[in-house]
Amino acid sequence: MDWYPLYNSLRIAAISSVLVFFTGILAAYYAARLPRAVKGVLDVALTLPMVLPPTVCGYFLLLLFGVKRPLGMFLAEFGIKFVMTWYGGVLAAAVVAFPLMYRTARGAFESFDKTLAYAGQTLGLSNTYIFWRVRMPACRQGILAGTVLAFARALGEYGATSMLIGYTPGRTATISTTVYQLWRTNDEAGAFTWVMINLAISTAVLLTVNMLEDRQKKAVKNR
């Protein structure tokens with residue numbers, strides 16, 4: 001059995017989760033501090049990939065990074081190509097997973113007790129120190145839950161991934177695209193095997209999210 005789809009899916013999900021973790025937290029932190037009207041517009045823009053069909057997201061990515069598009073041709077001069085490459089899958093997965101991280105982190109930041117930050121400022125602590133040593137630990141359960149959800153979304157991504165990187169065995173194949181290709185070629189046994197593998201991973205992810213939510217509820221009650 002070729003295990004490349006599992007390796008590639010985990011690689012894409014892990015790298016995209018790291019990217020989404022930092023960009024999502026950064027966007028959520030500053031969005032939570034914006035006026036309501038501005039935040040509403042920004043929310044629409046940043047969460048749009050969550051409600052759009054994944055194939056539409058993939059289509060927009062092709063419009064931007066296609067080999068015959070200005071940006072795609074510019075990046076190709078530096079040896080960067082997102083179409084039909086595994087790291088193009090990282091881009092596609094990050095785009096569709098970003099809204100989950102952003103929304104979860106923003107909710108965690110909005111529920112943060114700001115008096116803790118004010119107390120740190122009166123003690124002469126820098127905003128950077130307060131963010132990493134006060135705000136982030138207080139919001140860690142929500143942020144961890146967002147990270148796990150983003151990883152799960154990236155792991156199961158199919159629409160945008162298939163549009164941007166397609167399916168090439170040993171190069172761009174993921175679990176989702178492999179399931180479709182095996183089913184299309186009447187290999188139902190092979191498709192079922194990958195479905196069960198994906199089901200097992202997804203179940204583990206959901207159990208992790210539930211555990212983090214339970215811990216967060218207990219922490220709130222103990223305050």
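Trp-132 counts as partly exposed, at 45% relative accessibility, where buried means under 20% relative accessible area, exposed over 50% and partly exposed in between, with a 1.4 Å probe and protein chains only. Before I go on, please keep in mind that this is a predicted model, in which local features need pLDDT of at least 70 and side-chain atom pairs count only at pLDDT 80 or more, while totals for chains, interfaces and linings use all residues. Residues are numbered from 1 along each chain as its sequence is written, and side-chain values use heavy atoms, with hydrogens and water left out.

Let me begin with the aromatic rings. A search of the whole structure finds 16 aromatic pairs, a pair being two rings of Phe, Tyr or Trp (its six-membered ring) with centres within 6.5 Å, and with planes under 30 degrees apart counted as stacked, over 60 as edge-to-face and the rest as tilted. Phe-74 and Phe-78 are edge-to-face, because their planes stand at 65°, with the ring centres 5.2 Å apart. Phe-74 is partly exposed, at 46% relative accessible area, whereas Phe-78 counts as exposed, at 57%. Another edge-to-face pair joins Phe-131 to Trp-132, with 5.1 Å from centre to centre and 90° between the planes; here Phe-131 counts as buried, at 12% relative accessibility.

Phe-74 and Phe-78 come back in a nonpolar surface patch, which they form with Leu-64, Leu-71, Ile-80 and Tyr-87, with about 560 Å² of accessible area together. Patches are made of residues with over 30% relative accessible area and no salt bridge, like charges being joined within 9 Å and nonpolar side chains (Val, Leu, Ile, Met, Phe, Trp, Tyr) within 5 Å, and the areas come from the Shrake-Rupley method with a 1.4 Å probe, only the protein chains shown counting as cover for residues. Leu-71 lies in helix α4, residues 70–76, where helices (H or I, at least four residues) are DSSP runs numbered from the N terminus.

Turning to charges, how many salt bridges does a search of the whole structure find? There are five, each defined by a side-chain nitrogen of Lys or Arg within 4 Å of a carboxyl oxygen of Asp or Glu. One of them joins Arg-103 and Asp-43, at 3.7 Å from N to O, and because Arg-103 lies in helix α5 and Asp-43 in helix α2 (residues 36–51), this pair ties together parts that are 60 residues apart in sequence. Arg-103 is partly exposed, with 38% relative accessible area, while Asp-43 counts as buried, at 11%.

Within helix α5, Arg-106 and Glu-110 are four residues apart, about one helical turn, and their side chains meet in a salt bridge at 3.2 Å, N to O. Arg-106 counts as buried, at 13% relative accessibility, and Glu-110 is partly exposed, at 35%. Lys-39, Asp-43, Arg-103, Arg-106 and Glu-110 are linked in a network of salt bridges.

Finally, Arg-153 forms a salt bridge with Glu-157, the closest N and O atoms being 3.1 Å apart; Glu-157 counts as buried, at 2% relative accessibility, and Arg-153 is partly exposed, at 26%.

How values were computed. Helices (H or I, at least four residues) and strands (E, at least two) are DSSP runs, numbered from the N terminus.
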